Each structure stands twice: as C-alpha cells, then as structure tokens.
Amino acid sequence: MSGEAIDRRRVTLTFDNGPTPGVTDKVLEVLAAHRTPATFFVVGTQLQQPGGLALARRAVAEGHRIGHHTATHALQLGAAEDPEAAVAAEITAIEHDIDALAGTSETEGERLFRPNAAGGVLDKRVFSPQAVRYLRQHRYTCVLWNCLPRDWENTTSWVDRALADVARTDWSVVVVHDMDTGAMDRLPAFLDGLAAMDVEIVPEFPDSCLPIKEGRLQHSLAHLTSGDG
Ligand SMILES: [Zn+2]
C-alpha cells in the first residue's frame, strides 16, 4: 500500500470516537507505560461529556495528538441531504474547540481530520464535494487507515487480526476505539505483540493514508465522494 521505502516496519496508532471517561484514562495509562505515541480522533459530543475535555487535554499533555472526528458522528458527509449544512454542523461547529486542543501540542497548527466511515466502509458516503472543498480550503490533513481490526465487534480477537495486518504491511495505520466495548482491555496485549515484532511505533502517518495533506489533494477522492466528487 505505502510507497515509502523503509527498513523497519512502522505502526501508527489511532484511537477513534472518544474520549470516553473510564476508558480513555486507562488507554492513556497503558500508552504511558509503553512509552507509545498515538493520535486521538475525538468526537464533539464525547468532548462535551463530563470529563471528556479533561481527558483530551491530558492526552495532549502526555504527548499525543488530537484530531477532529466530527461533531456528532451521527451523519456521513456524503450521505447528507444538505451537504453544506452537514459541513457546518459536523466540521465547522467544533473546529475552534479542536484547534484549541490540538494547538497546545508540539505540532501546533496542524489540523487532522478523520471522516466518519460508518462501520469502516470506505465508499461514496464518506465525503461530499462540499466537504472536500472545505477541508482543502481550511488546510486540513485527512487521515485514513489501512488496518481496521473491527475492535467494536471482535472485542478480544481484534488483537490477533491487527498483529496479522501489521506483519504484512510496511507501515500500518491502526484504528481502534476508546469506547466502552471492553476491547481496550486488550490494548496491553496488542502493544506487547508489537514489541515482540520489533516494529517502530511512530506518531506520523504515511502519505498513502493522507488523501489531503495540509489542504493539498494527494490522491483522488472520487471513490469516496458523493455526486460528481
Ligand atoms: Zn468513528
């Protein structure tokens, strides 16, 4: 998948749909114990939960990155009846809050966005032409993935599936969810498995998973965009 020539296998860890009090706290403790960096793609409604914002701030303070993962995670940009209204409601509405969080990190100014691909399905419901235009104009970096072990369904076996994916990929971008499914109880086992494989866990993303980088279109999004895309 990735075109980057590398010696050692790399892995980038991402946690979506949080923060979730009682879960994200434990994830942060496990990451700290393993000295492992990650990016948390947070949802606006989760930030508004009691304790949500504090967890996101803690993640930044502990060296992790924060990305924008929509305001409500209830609507797909490419499936909306009114695409402009969906951009306003799902992206613009919490942009200031995400900027304020992410801007305190070392990578100040970087705007990461991950779309809601319901169930992990990458199809034309993921983006609308209006959303792509907005993300480009506002200099977002869109972060997709190449390892989705479906931890929300396979709350135990996701670890084996993810490790198998990592074993055959030069640079894996792993998506798991700091949600209340029980799956994150297996995070230590996953990180131990990665350590045994001697992979390098890095905070950056391979270009192959970034269709838009700082507003520049790197790969066609036609297959992920509604209408004429
Ligand atoms: Zn999500």
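S128 is buried in this predicted model, with a relative accessible area of 0%. S128 sits in the loop that runs between β4 (111–113) and α5 (129–137). Which residues does S128 touch, once those up to four places away in sequence are left out? They are L77, G78, P83, T225 and S226.

Turn next to the metal. The zinc ion has three named protein donor atoms: OD1 of N17, NE2 of H69 and NE2 of H73. These donors lie 2.0 to 2.2 Å from the zinc ion. Along the chain, the donor residues follow the spacing N-x51-H-x3-H. N17 belongs to the loop between β1 (10–16) and α1 (24–33), while H73 belongs to the loop between β3 (65–68) and α4 (83–102), so this pair ties together parts that are 56 residues apart in sequence. H73 is partly exposed, at 26%.

Salt bridges come next. Side chains of opposite charge can pair when their charged atoms come close. A search of the whole structure finds 12 salt bridges.

Take D16 and R114. Their side chains meet in a salt bridge, 2.8 Å from N to O. D16 is in strand β1 and R114 is in the loop between β4 and α5, so the pair ties together parts that are 98 residues apart in sequence. D16 is buried, with a relative accessible area of 3%. R114 is buried too, at 0%. Each value falls under the 20% limit, which means that D16 and R114 both count as buried.

R65 and E110 form another salt bridge. The closest N and O atoms of R65 and E110 are 2.5 Å apart. This pair links distant parts of the chain, with R65 in strand β3 and E110 in the loop between α4 and β4, 45 residues apart. R65 counts as buried, at 11% relative accessibility. E110 counts as partly exposed, at 25%.

Now consider E214 and R139. The side chains of E214 and R139 meet in a salt bridge at 3.9 Å, N to O. Why does this distance still count? A salt bridge needs a side-chain nitrogen of Lys or Arg within 4 Å of a carboxyl oxygen of Asp or Glu, so the pair at 3.9 Å qualifies. E214 lies in the loop between β8 (212–213) and β9 (216–217), and R139 in the loop between α5 and β5 (140–142), so the pair ties together parts that are 75 residues apart in sequence. E214 is partly exposed, with a relative accessible area of 36%. R139 is exposed, at 51%.

The cysteines remain. How many disulfides does the structure hold? It holds 0. C142 is in no disulfide, and the nearest cysteine sulfur, that of C209, is 12 Å away. C142 is buried, at 0% relative accessibility. C147 is likewise in no disulfide; for C147 the nearest cysteine sulfur is that of C209, 10 Å away. C147 is buried as well, with a relative accessible area of 1%.

Notes
Residues numbered from 1 in each chain as written. Predicted model: local features only at pLDDT ≥ 70, side-chain atom pairs only at ≥ 80, totals over all residues. Heavy atoms only, no water. Donors = N, O, S within 2.8 Å, 3.2 Å for Na, K, Ca; no water. Helix = DSSP H or I, 4+ residues; strand = E, 2+ residues; numbered from the N terminus. Buried < 20%, exposed > 50% of the residue type's maximum accessible area, 1.4 Å probe, protein only. Disulfide = S-S within 2.5 Å. Contact = heavy atoms within 4.5 Å.
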